[in-house]
Each structure stands twice: as structure tokens, then as C-alpha cells.
Amino acid sequence: MSKITAAITGISGYVPDYILTNKELETYVETNDEWIVSRTGIKERHILKGEGLGTSHIAVPAVKELLRKTNTKPEEVELLICATTTPDYVFPATANLITAEVGAVNAFGYDLQAACSGFLFALATGAKFIQSGQYKKVIVVGADKMSSIVDYTDRTTCIIFGDGGGAVMLEPNTEGYGVLDEVLKSDGSGAPYLHMKAGGSRRPASIESVENREHFAYQEGQTVFKFAVKGMADVSAEVMERNNLTGDDIAWLVPHQANKRIIEATANRMGVDSSKVMLNIQKYGNTTSGTIPLCLWDYESQLKKGDNLVLAAFGGGFTWGAIYLKWAYDPK
Ligand code: UT7
């Protein structure tokens, strides 16, 4: 019997309606459009406005659209993994809220947290369930409501992040399409440079933690930048090397959208021309677990069956990784 691989058979995305422009950010903090665009590539980001709305409200429309596009009945879904750093609650898992909301009554679900590498880690995990031969329909979601943990008085972080996410359907394939290899890494010694200080079991919420603004993403940008450039390029080069791929063999690099300069450095190191690099940071900013599915969603009409894709990310933790996959379908 031929080897089973996990093919992406559909992709969808969702961003909330409200657009937060660089101009509006200029009214919150000492910054300007020119600085933000030249240092990050970001022009605007989408924000989920409204009381009582969490990451599941980004994921649910994406999953509903995915079910529609792939002609899947909700009850056919067996597993849903949600990569997120901003779950609706500490518990239950956002995956559970999503499956209930879309009617995936036969699916089990759980969340996976690997900061900006979350979608890659979840995709690799979901693929293993398919490759085992035991599961036929697995949904992998990457979504974040970053505005819930962004300090809009801190100009070094509030300009970067946005809300959004996407979802992919994974199904078995025996013709060699789908997820073919991955290099995934994590190093907890990077935690001090990008983390949230309070709200976990080590420092539960208190009046003091709120007053000290410790419930927001804290980042030492320059340090993270240096690790990100090296980390993303290293794993991308490694996954290419062990699959005998050169820059010419790659149809698309699908990088996590944290900073346009990090993306350019990674593409350079891989020998991949900028015309083959997916880029949408200008309109969504950094949506953490959402960036890679949002890229695939935006570029879906340009993807052809057999295209070699390298997905690469770097994030808090530190976590980083690269996945090599062969795209499984032509534009519909
Ligand atoms: O997705 C998870 C992983 N995260 C990342 O990959 C993010 C990695 N880091 C970055 O993308 C960049 O470090 C930032 C975009 C966060 C910052 O860019 P930078 O080029 O590293 O800026 P910097 O921190 O070196 O700051 C340069 C200057 C400083 O002023 P002085 O000291 O030179 O006078 C900052 O105070 O820019 C100033 N600055 C700003 N100016 C205007 C910092 N933030 C802003 C701002 N507007 N928003």
C-alpha cells in the first residue's frame, strides 16, 4: 500500500471588519506611518471589536467557510486542533467552543500553544493523525485575537499585532501530496524576551498585576528580531537540504508575518526570489497563529497542484520551525 500523507484539501480565513490604520495608532502613541511601514511593512490590521467576543468568533466563520468550500458535513469532522495564544478562556479549549458552534458533534478537539509557530506545530500534529491511517478529516485552525493582550500605550508592540485567523482541512492522500517533512524547534530560554508576565499559574491576576500592566504581550524587539532571522532561515534551509530542494524548486515561501525585514532575510538565505514569497503583513499585521493560514487563503487562487511550499515561522517561547508540503489541488 502507498504511504499516506496529509493533504490540505481546503483553506479559509477570516478577519474582523474593523481596520486599525497606522494613522489611528498615531493618535494613541508617539509613532508615525513612515516609521511603521519602513521598520515592519505594516500599513493596517484588523481588530475584533465588541464585548464578549473571543478568538472562537474569528475561528468559527473560518471553519464554517471551510466546511462549505470542501463540501464537508460538520458531523464528518473527526478532530479539530486550534493553535492559539489568546484562547477564549484558560479552559475549556477554544477548539471545543468551535466544534460546538459549527456542529462538529463527532469531533474531539484541543488547543495547541506555540505562539507564532502555533499553526506550524498544529499542522504537523494534525498531519500525524492522518498519516496514522486512523483519521480521515482533521481541521487545523490558527487564530488569535491579539488585541486582547496588546498594550495600546506601548508603541513597540501595539503597532505590530492584529486579529485574524484561518483553517485548513487535512485528508489522506496516497499520491505524494501534502505535508512531507518538518523541522520544529523550541527553546524555553528565550521566554524572557517575548512573553506575558501575569495571568498564568506562576503569577495569577491580581490588582497589582493589572495596575502594572502585566497582562499584555511583552517583547524585547531587537533580541527577538535577531533570533527570528537566524531561526527561520536555519530551519528553512535544513528542510530544503534534506529534501534536496534548491530555491528554484520552491514555488512559494509562506513565512510567518512578523516583520517584512525578517521575511526578506529568510527568503535571501533560501535563494527564493521575492516574487515567490507570500506577503500580506501590510494589511493584517502579525496575527500570531493566524498569519500562515491567512497567507494560504489570500494566495489560494495562485497555488497549483504539485507546487512545493515551505512554511516557516518564529515566535515567543522561543518556538520556530519549517514545514515542506506539496500543494494538492489546482485553483477551483
Ligand atoms: O511574531 C513573533 C516574533 N516577533 C518578531 O519577530 C518581532 C521582532 N522584532 C521586530 O520586528 C522589531 O524589533 C520591532 C518592529 C519590534 C522594532 O523595530 P526595530 O527596528 O528593532 O526598532 P528598535 O527597537 O531598535 O527601535 C529603534 C528606534 C528607537 O529609538 P532610539 O532609541 O533609536 O531613539 C525606538 O524607541 O525606534 C523607536 N521606536 C519607535 N519609533 C516610532 C520603537 N517603536 C517605535 C514606534 N514608532 N512604534
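Which residues do ring pairs link into a cluster? They are Tyr193, Phe227, Phe314, Phe318 and Trp320.

## Basis

This is a predicted model, in which local features need pLDDT of at least 70, side-chain atom pairs count only at pLDDT 80 or more, and totals for chains, interfaces and linings use all residues. Residues are numbered from 1 along each chain as its sequence is written, and side-chain values use heavy atoms, with hydrogens and water left out.

## Aromatic pairs

Rings of Phe, Tyr and Trp (its six-membered ring) pair if their centres lie within 6.5 Å; planes under 30 degrees apart are stacked, over 60 edge-to-face, and the rest tilted. The count by this rule is 12 aromatic pairs. One of them is stacked: tyrosine 193 with phenylalanine 227, 6.4 Å centre to centre and 25° between the planes. This pair links distant parts of the chain, 34 residues apart. Tyrosine 193 is in the loop between β8 (178-186) and β9 (194-196), and phenylalanine 227 is in helix α7 (residues 221-242). Helices (H or I, at least four residues) and strands (E, at least two) are DSSP runs, numbered from the N terminus.

Phenylalanine 227 also forms a tilted pair with phenylalanine 318, at 4.9 Å centre to centre and 40° between the planes. Phenylalanine 318 lies in the loop between β12 (308-315) and β13 (319-326), so its pair with phenylalanine 227 of helix α7 ties together parts 91 residues apart in sequence.

Phenylalanine 318 is buried at 2%. Tyrosine 193 is partly exposed at 27%, and phenylalanine 227 is partly exposed at 42%.

## Charges over rings

A charge sits over a ring if NZ of Lys or CZ of Arg is within 6 Å of the ring centre and within 35 degrees of the ring normal. Lysine 197 lies over the face of tyrosine 218, 4.2 Å from the ring centre. The charged end of lysine 332 sits over the ring of tyrosine 329, at 4.1 Å from its centre.

## Ligand contacts

The side chain of glutamine 222 has an N or O atom 2.4 Å from a ligand oxygen. For the side chain of tryptophan 35, the distance to a ligand oxygen is 3.3 Å. Glycine 221 places a backbone N or O atom 3.1 Å from a ligand nitrogen.

Key:
Buried < 20%, exposed > 50% of the residue type's maximum accessible area, 1.4 Å probe, protein only. Polar contact = N/O pair within 3.5 Å; in protein donor to acceptor, adjacent residues only side chain to side chain.
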